2 protein chains.
Amino acid sequence: MPVPKGTALDPDRTRATLLASATGILYERGLDGVGVAELCRAVGASKETLYRHFGSKDGLVEAVLEARSDRVVHWLTEAVEAAGPDPHAQLTALFDVLGDWYRQPGFRGCAIVNAATQRHAPPARTLADRHLARYGELLTGIAERAGAREPALLGRQLLILLEGATVVADHHDPHGRAAEDAKQAALALLSAQGA
Amino acid sequence: MPVPKGTALDPDRTRATLLASATGILYERGLDGVGVAELCRAVGASKETLYRHFGSKDGLVEAVLEARSDRVVHWLTEAVEAAGPDPHAQLTALFDVLGDWYRQPGFRGCAIVNAATQRHAPPARTLADRHLARYGELLTGIAERAGAREPALLGRQLLILLEGATVVADHHDPHGRAAEDAKQAALALLSAQGA
DNA sequence: AGGAGATGGTACCGATCGGTTCGATGTGAG
DNA sequence: CTCACATCGAACCGATCGGTACCATCTCCT
């Protein structure tokens, strides 16, 4: 986490460290909730270093969101694949790991969607679109392999459930059952499509 | 919309006008995307007037969100009641008006949820919680009247669908069918609960 | 040994932030 | 007519914003 004192050795290493540190703070406090000065203090880097690596605060934000999207999609995909070939088991596994995420102490919703809510401009908005599209591919794939009558429709509905559960878990879920509710709904929709 | 030049007649009238004007700009640009100076310019009021009525920018934001929550919940409730006593028709009407909302030119998601995403502090977060709770009551009521086996569960699942559709419509809905997809899912869940 | 490059720290820049104050203007109620 | 009040417009405040420049330091490579 701390950047080594003086180093000409790890240009990329430093960048990765800054990215990882900044991710957490920007998520917790919001993109506009933390200034560049405090950001540097928190990640243990100087302004010059940060600007040399990312060009601007928006550049840093973009890099953070891009990395986060990749990481999250990869994480969910792995959870699905680890559940074996059965689509029911895959959906169950997916909403279970989502539930684990929702229950983590600092959970504040989806970082990419949150960012797009805070910045109506292209970088964040575009990334959110791509992020949800990736979710959609993952979910539609499950619907197809399950033999659903309308896999594309079911995939979009599963995406709605996923995003809805994330929002509800963030803003109104006193008993922490959003993921479980969504899971049951997902399985019910799967059954209703004869799968 | 324009505030009358000089007036000792409408203390409350002015407040209502400011509230209505500010609502649109804060929604379009985000709570932190517009400063108080520009806000005043846009609503056609001076800083002094604004601060006398609302005390602070956060005070204005809180008043705006409170009014918006009341208005939206009342609007959805009316749409449901206007659909007659049949729960299927009520759900259909609800997601249809949501679809109309999603298709409006300046649609940017739910203002209250967006605000809570931008401000992690009590005023906005609390209002979002209450806002979703109100949605939940409306939806659970439909589930009960439909004779669902588990109306509370179904109500929560319908809330997930509503919020999910709103997020998807905002960030990734190239063909504008989020509301329709959610509606079909809602009716399917209703049927699956024997209602 | 020495040069090149990455870094931390700090001072600094203009712009904007939320918020306050003041005077001028116009309105309504007495 | 007069007084109280609401309002506008603008000046002003300290703080913070994103971003730049400079320099001493440290590590690696030659």
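**Exercise 1. Determine which residues of chain A are linked by ring pairs into a cluster, and classify the pair Trp101(A) and Tyr102(A).**

Solution. Ring pairs join Trp75(A), Trp101(A), Tyr102(A) and Phe107(A) into a cluster. The model under study is a predicted one. A search of the whole structure gives 8 aromatic pairs over all chains. To classify such a pair, two quantities are required, because a pair of aromatic rings is described by the distance of the centres and the angle of the planes. For Trp101(A) and Tyr102(A), the ring centres are 5.8 Å apart and the planes stand at 40°. Planes under 30 degrees apart would count as stacked and those over 60 as edge-to-face; the pair Trp101(A) and Tyr102(A) is therefore tilted. Trp101(A) and Tyr102(A) are both buried.

**Exercise 2. Classify the aromatic pair formed by Tyr102(B) and Phe107(B), and state whether its two residues are buried or exposed.**

Solution. The centres of the two rings, Tyr102(B) and Phe107(B), are separated by 5.1 Å, with 45° between the planes. This pair is tilted. As to accessibility, both Tyr102(B) and Phe107(B) are buried.

**Exercise 3. Identify the residue that lies over the face of Tyr27 in each chain.**

Solution. In chain A, Arg68(A) is placed over the face of Tyr27(A), 4.4 Å from the ring centre. In chain B, Arg68(B) lies over the face of Tyr27(B), with a distance of 4.4 Å from the ring centre.

**Exercise 4. Describe the contact between chain B and chain A, and name the three residues of chain B that supply 20% of the area it buries.**

Solution. In the interface, 39 residues of chain B are in contact with 39 residues of chain A. The area buried between the two chains is about 3400 Å², and carbon and sulfur atoms give 64% of it. On the side of chain B, Ile160(B), His171(B) and His172(B) contribute 20% of the area buried against chain A, more than any other three residues.

Conventions: Residues numbered from 1 in each chain as written. Chains lettered and ligands numbered in written order. Predicted model: local features only at pLDDT ≥ 70, side-chain atom pairs only at ≥ 80, totals over all residues. Heavy atoms only, no water. Phe/Tyr/Trp six-rings, centres within 6.5 Å; stacked < 30°, edge-to-face > 60°. Buried < 20%, exposed > 50% of the residue type's maximum accessible area, 1.4 Å probe, protein only. Lys NZ or Arg CZ within 6 Å of the ring centre and 35° of its normal. Contact = heavy atoms within 4.5 Å. Buried area = accessible area lost by both parts, 1.4 Å probe.
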